[in-house]
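Please open the model in a viewer and keep the selection tool at hand. The stops below are given in the order in which they may be selected.

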Amino acid sequence: MASAETAAEHERILREIESTDTNCIGPTLRSVYDGQEHGLFMEKLEGRVRNHDREIEKMCNHHFQGFVDSITELLKVRGEAQKLKGQVTETNQRLQSNGKELLTAMDELRQCRLQQRNIATTIDKLTHCLPVLEMYSKLQEQMRSKRYYPALRTLEQLEESCLPQAGSYRFCSIMAENISRLRTQIRDVSMSDLKDFLESIRKHSDKIGETAMKQAQVQIARDNAVTSQQHSASGRRIRKEACLDRTGSNPFADQDSGILDVEDEEADEVSGAQDLVDFSPVYRCLHIYTVLGARDTFENYYRKQRRKQARLVLQPHSNMHETLEGYRRYFNQIVGFFVVEDHILHTTQGLVNRAYVEELWELALSKTIAALRTHSSYCTDPDLILDLKNLIVLFADTLQGYGFPVNQLFDMLLEMRDQYGEILLKKWNQSFRQILDQDNYTPIPVATPEEYQQITGQFPFQDPELDKMLFPKKLPFSEFVPKVYSQIKEFIYACLKYSEDLHLSSTEIDDMIRKSTNLLLTRTLSHCLQYATKKKNVGLAELVQIIINTTHLEQSCHYLEEFISNITNVPPDTINATKLYGTSTFKDARHAAEEEIYTNLNQKIDQFLQLADYDWTAAQGGGQASDYLIDLIAFLCSTFAVFTHLPGKVAQTACMSACKHLSTSLLQLLLESDVRQVSMGALQQFNVDVKECERFARAGPVPGFQGDTLLLAFIDLRQLLELFTQWDWSTYLADYGRPTCKYLRVNPHTALALLEKMKDTSRKNNMFAQFRKNERDKQKLIDTVVKQLRNLIASNQA
């Protein structure tokens, strides 16, 4: 059983060996050696080999004759093959010999075709590279010539179209790497040019403004020459839009540069102030930043820098108020700044807008007005104020011509008008005082008709009676009358000069001049006249001449009214027209002079009375008036003789005032507390002096008094003295209080005081002990009258 299985296994292995590739027979043989029947398998294997050898031998024997025949045929073919080989070799040699030239030609043709292909490839590549190189060369040339905006356009074209078509070459990579650097360089260089431009216009804004203001002045003069009635409030635009976008001068002529077109007819006009500046750096930088996509950055930078420059321009110098040139430089810089901004506004699209410019102008207007108010307040020279006003008007008209609102400037000029008026008043105050100090206060002598015409040409004076007199003759007033009148007219002219070009109506100018003239009359001239009348060294003759002078000045006031109406073309009878207060001013001055005359006369009288030396205890009075009183009356007579040129009422009032003061002073002298005792002899001497005063009053030192009117000044003193000298107390006491009383003007208090002085009030010495009996009786009578007066006073008070 086991041998049968082994035999079957060996048979299977043998079949597998026969049918399997020798490379895979290893595992089969291993299975044989792993078994126990190795010898038996070898025997079967040898038996199988012998069987196959027998089959091979049978097969060889079967096919041997065919093999022999094949060998024989093969040997025959070898001979033929060698012949054929010789023929092929010979043919090949001939072919090689004949094709050698052809191969050479073919090789040359191949080489030519290769070169042709390389040339075509090179031409194609160069066709793409040459534009890049040419564009880059153009870029370098534009950079060297500082034409940065075209260079930026070239750079953009190079990057977007040329380099992508050229391919990936090393030089293209280098160019591509340099593009951002070149852009940065162009941006930085253009910004540097802009900074230089900003610095340049900051330095030259003074010159730009000066040119613009000169052009405005010329234009205003030209307009006034055409017609004096055409003066528009908004002014006429006097500048020319400069056209910088011209062929050959603008590198951006073929691009949208943002510069406005300028009309052809403007080319014939005179170059404007803005033509002094080359604006190309601004335009160039604007276009460059626009292409780079940073326009907003550029606009913000430009506006920020210009705002800083505006603050610098608007900062005035500390000593600007000292000279007109300081104000002129200040205005020139402001005008230059806004001329540039106005030009930028009208020649670019959006770099600055109207709101930005108006904001700057509002800032400038507020700071300029504040600076002018501050610095002009330091000015004390009216000529400088007037020149400053004209300069401000030119400044306002210039900027108004560029479309800037300037109403606030004219409002400020109206404010400055009050300051100008105050300075004029101070100046004219000095002039008036100088005239009054230098005047001799005597009538003006006139020797020839020429002198007379010269004076009447300065002052409107008409006197038919004086005209009939022969030369030489005297005018009633002194030199200060025509001088003061001329100064008033000069003041009016000075006010008129300030009101010019302020866009005021004739009525407003007339009202302004009249109000200023009223201030001159009522304040300045009035104070000066008061100063003249109250000077320490002024005498009665000077006061009399002042009254005469002010009278003539008062009469000339209506001529001043006509003078103002003529220069302002406003009729004096216009409704709401301001009237001059000259009449009242001169009246007040005359009244002050009159009061000063009265005061001066009274002071002189007091000085004479101080020389009075009465013997109040004299037993008997003298037969003639006191020396001091004689001198006083002589002085009054000579003084009142000077009053012949005064109006009648003034002389009469002065005379009456002097007499009243003399009467009152004499009574006070009699009742002074220092006079403790008065004798009847002293009263008699006093009575003689009063009679001398009455004789003076009765003589009529000043014409115009009716009857004995002047004697009334001494009536109180006269009744008092008569009461005491006649010792008529019974009549006084009996008729007291009646309208028909003889001693109606005697006050019981005054009478009592004088009686007290006639009593013996001293208890230390008994003076009346030596008197005679009638004197003692009189003393008793005095005591009785004193008691009755006291009772009368007490009854009246009750």
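Select K489 and F563: the charged end of K489 sits over the ring of F563, 5.0 Å from its centre. A charge is taken to sit over a ring if NZ of Lys or CZ of Arg is within 6 Å of the ring centre and within 35 degrees of the ring normal. This is a predicted model, in which local features need pLDDT of at least 70 and side-chain atom pairs count only at pLDDT 80 or more, while totals for chains, interfaces and linings use all residues. Residues are numbered from 1 along each chain as its sequence is written, and side-chain values use heavy atoms, with hydrogens and water left out.

Next, select K473 and F471. K473 lies over the face of F471, at 4.2 Å from the ring centre. F471 is partly exposed, with a relative accessible area of 32% (buried means under 20%, exposed over 50%, partly exposed in between, with a 1.4 Å probe and protein chains only).

Rings of Phe, Tyr and Trp (its six-membered ring) pair if their centres lie within 6.5 Å; planes under 30 degrees apart count as stacked, over 60 as edge-to-face and the rest as tilted. By this rule there are 29 aromatic pairs. The ring centres of Y452 and F471 are 6.2 Å apart and the planes stand at 75°, so this pair is edge-to-face. The pair links distant parts of the chain, 19 residues apart: Y452 is in helix α12 (residues 449-458), and F471 is in the loop between α13 (464-468) and β2 (473-474). Helices (H or I, at least four residues) and strands (E, at least two) are DSSP runs, numbered from the N terminus. Y452 is buried, at 12% relative accessibility.

For a cluster of rings, select F724, W727, W729, Y732, Y736 and Y743, which are linked by ring pairs.

Move to H552 in helix α16 (residues 540-555). Is H552 buried or exposed? Its relative accessible area is 13%, so H552 is buried. Apart from neighbours within four places in sequence, H552 is in contact (heavy atoms within 4.5 Å) with F459, F461, P476 and F477.

Now display helix α8 (residues 324-347), whose end C-alpha atoms are 34 Å apart.

Finally, select the cysteines C60 and C495. C60 is partly exposed, with a relative accessible area of 47%, whereas C495 is buried, at 2%. The structure holds zero disulfides (pairs of cysteine sulfur atoms within 2.5 Å).

Technical notes
The expected span of a helix is 1.5 Å times one less than its number of residues.
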